[in-house]
Amino acid sequence: MSTTKKFTVEKIDYIYERLRTQITSNESSITSQSYVFFIIGASGDLAKRKIYPTLWWLYRDGVLPKNISFIGYSRSQLTIEQIFENSHKYMKIQEDEHDIYEKFLKLNSYISGSYDKSEDFENLNSKANKISHQVNAHRLFYLALPPNVYESVSELISKHCRPASPGWLRLIIEKPFGKDLESSNKFSQHLNKLYTEEEIYRIDHYLGKEMVQNILVLRFSNRIFSRVWNRDSIAGVQIIFKEKIGTHGHGSYFDEVGIIRDVIQNHLMQILSILAMEKPRSTTGEDIRDEKVKVLRCIAPIKLENVIVGQYIDDKNVPKDSTTPTYAQIILFIKNERWDGVPFILRAVRSKALNERKAEIRIQFRDVPGRMFDEELSENNVERTLARDELVIRIQPDEAIYLKINTKRPGEMNFSIEETELDLTYNERYQGVKLPNAYERLILDVFMGSKINFVRSDELQEAWRIIDPILAEIEKKKLQIIPYKFGAIGIREAFDAAVKQGFIYTRTYVWEDD
């Protein structure tokens, strides 16, 4: 009988209880304090698919402050009933939840208005005062908007919708944070004139994912990893993002943004900074973000020979003459004592043409010295290479951490060797435990004032500094765009580039041509 422990709902039901305790302790000093959560852009796709469902789940699970109300705002002439009709299929309401759902609905209201007129935001402010019965209610503004109206909306919110003291204001901004370094810096300067850095929450939902948050614990609470997390033991790192969903029907938008801006500049660069940073002094937001910035500043300029870009050519939503990559691989190097010489391979692709969907980190360790098992590895006069150890962190789907190692093949009389895994798959280990999704975590972080999982302005600037030159070269058409077909596992040239930098693919990871 297996002695492996499995965590079930019956054994562990502390996740949401802990969140409830944190929220309660934060509001205990002013028990009558009210909160207003504004969804600016309430009629849009993001609000419909993500924000309203997330707020419902948080309310249902009892982790939001008691005295809270929600106000939707957009240009569309709609009612709150129509807003919820559009969101209903994403809410996942169970049969026994209808009563509490009705209570949630009653806390919501909607007002239409422009994104550039003072009088409309004065009207929004008046409605908030009336609903909350407090001019000093804490206010959270989620900008679920296209970036071209960020500046006008953020300015009018600061000018007309600030609460009276001691109420605070927190502004949540969705990516993209600019289109390049210049536009990003311009927007940051605009925000800095209106808000303190403590009031700004730049949301990258990847920082709310369970396995991304687990990197800190994995690295800094396990001595077995802290000793080998450096250039002496690690041969290379791959950070891979593959979405098998095309461009969500937003082909024209994606054609303006591209995979490098959409994924590498933010999601993958954030993961890299957490993987590579030095140990922070504490788990406070500023200490962690300080170390992330330090490691980003050590990244050397990227050579064009280390950039591979491709495009799925059969997407009808994308213009025929488009040169925007849907596939990109960038190999970069960190010039510091810990990582000098170790290739970090960032690969991202968003295309329905792919053979699979996954996001994962693969940390490949160096070869075992001595070649002790060379004779055992020879089969039929063909020499095989002893597979390298790999630590794999699977972010999605099916969260897992597993360590690929070599072991003796069971039952063999000699030292026959095969690869296997020490496997922590969350669905197996934590059966029945419901994990908050990324938006749930991040919105709760905003309520609690935690900045750990949000992007600071200097982080943003460094990430754009690294990526900006590559975007310029693509626009000058100095990089070849490699086409790939439906069902592809990737682009051969990208795998070859990784091998050239010393990353070794063995067994099931060897490239096979169609």
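These are my notebook entries on what I looked up in this predicted model.

**Ground rules**

I'm working from a predicted model, where local features need pLDDT of at least 70 and side-chain atom pairs count only at pLDDT 80 or more, while totals for chains, interfaces and linings use all residues. Residues are numbered from 1 along each chain as its sequence is written, and side-chain values use heavy atoms, with hydrogens and water left out.

**Entry 1: the whole chain**

I started with the overall tally. I found 16 helices and 18 strands in the chain. These are DSSP runs numbered from the N terminus: helices are H or I with at least four residues, and strands are E with at least two.

Next I looked up burial. Of the 514 residues, 52% count as buried. Buried means under 20% relative accessible area, exposed means over 50%, and partly exposed is in between, with a 1.4 Å probe and protein chains only.

The accessible surface of the chain comes to about 25,000 Å², and 49% of that belongs to carbon and sulfur atoms. Areas like this come from the Shrake-Rupley method with a 1.4 Å probe, and for residues only the protein chains shown count as cover.

Then I checked contacts (heavy atoms within 4.5 Å). Taking contacts with a separation of 6 or more, 79% are between residues 24 or more positions apart.

**Entry 2: cysteines**

How many disulfides does a search of the whole structure find? I got zero. A disulfide here is a pair of cysteine sulfur atoms within 2.5 Å. I looked at two cysteines anyway. Cys161 is buried, at 0% relative accessible area, whereas Cys298 is partly exposed, at 25%.

**Entry 3: salt bridges**

I counted 28 salt bridges in the structure. The rule is a side-chain nitrogen of Lys or Arg within 4 Å of a carboxyl oxygen of Asp or Glu. I picked a few to look at.

- Arg49 pairs with Asp45, and their closest N and O atoms are 3.4 Å apart. They sit four residues apart in helix 2 (residues 45-60), so about one helical turn separates them. Both ends are partly exposed: Arg49 has a relative accessible area of 29%, and Asp45 has 32%.
- Glu278 pairs with Arg338, with the closest N and O atoms 2.8 Å apart. Glu278 is in the loop between helix 10 (251-276) and helix 11 (285-297), and Arg338 is in the loop between strand 9 (327-332) and strand 10 (344-350), so this pair ties together parts that are 60 residues apart in sequence. Glu278 is partly exposed at 32% relative accessibility, and Arg338 is partly exposed at 21%.
- Arg281 meets Asp287 at 3.0 Å, N to O. Which of the two is exposed? I found that Arg281 is, at 75% relative accessibility, while Asp287 is buried at 10%.

I also noted a network: Glu286, Arg289, Asp290, Arg456 and Asp458 are joined into one by salt bridges that share partners.

**Entry 4: two helices crossing**

I turned to helix 3 (residues 80-91) and helix 4 (residues 98-106). Their axes come within 14 Å and cross at roughly 140°. Axes are lines fitted to C-alpha atoms, for helices over the stretch in contact, and angles run from 0 to 180 degrees between N-to-C directions.

Which residues make the contact? On helix 3 they are Phe84, His88 and Met91, and on helix 4 they are Tyr101, Phe104 and Leu105.

Most residues other than glycine have a negative phi, and most peptide bonds are trans. I went looking for exceptions.

The bond from Ser165 to Pro166 is cis, with omega near 10°. Pro166 lies in the loop between helix 6 (150-160) and strand 5 (169-174). Gln396 and Pro397 are also joined by a cis peptide bond, with omega about -15°. I placed Pro397 in the loop between strand 14 (390-396) and strand 15 (400-408).

That loop between strand 14 and strand 15 also holds Asp398. Asp398 has a positive phi of about 55° although it is not a glycine, and it is partly exposed at 43% relative accessible area.

My last stop was His133, where phi is near 60°. His133 lies in the loop between helix 5 (118-132) and strand 4 (138-143). Is His133 buried or exposed? I wrote down exposed, at 70% relative accessibility.
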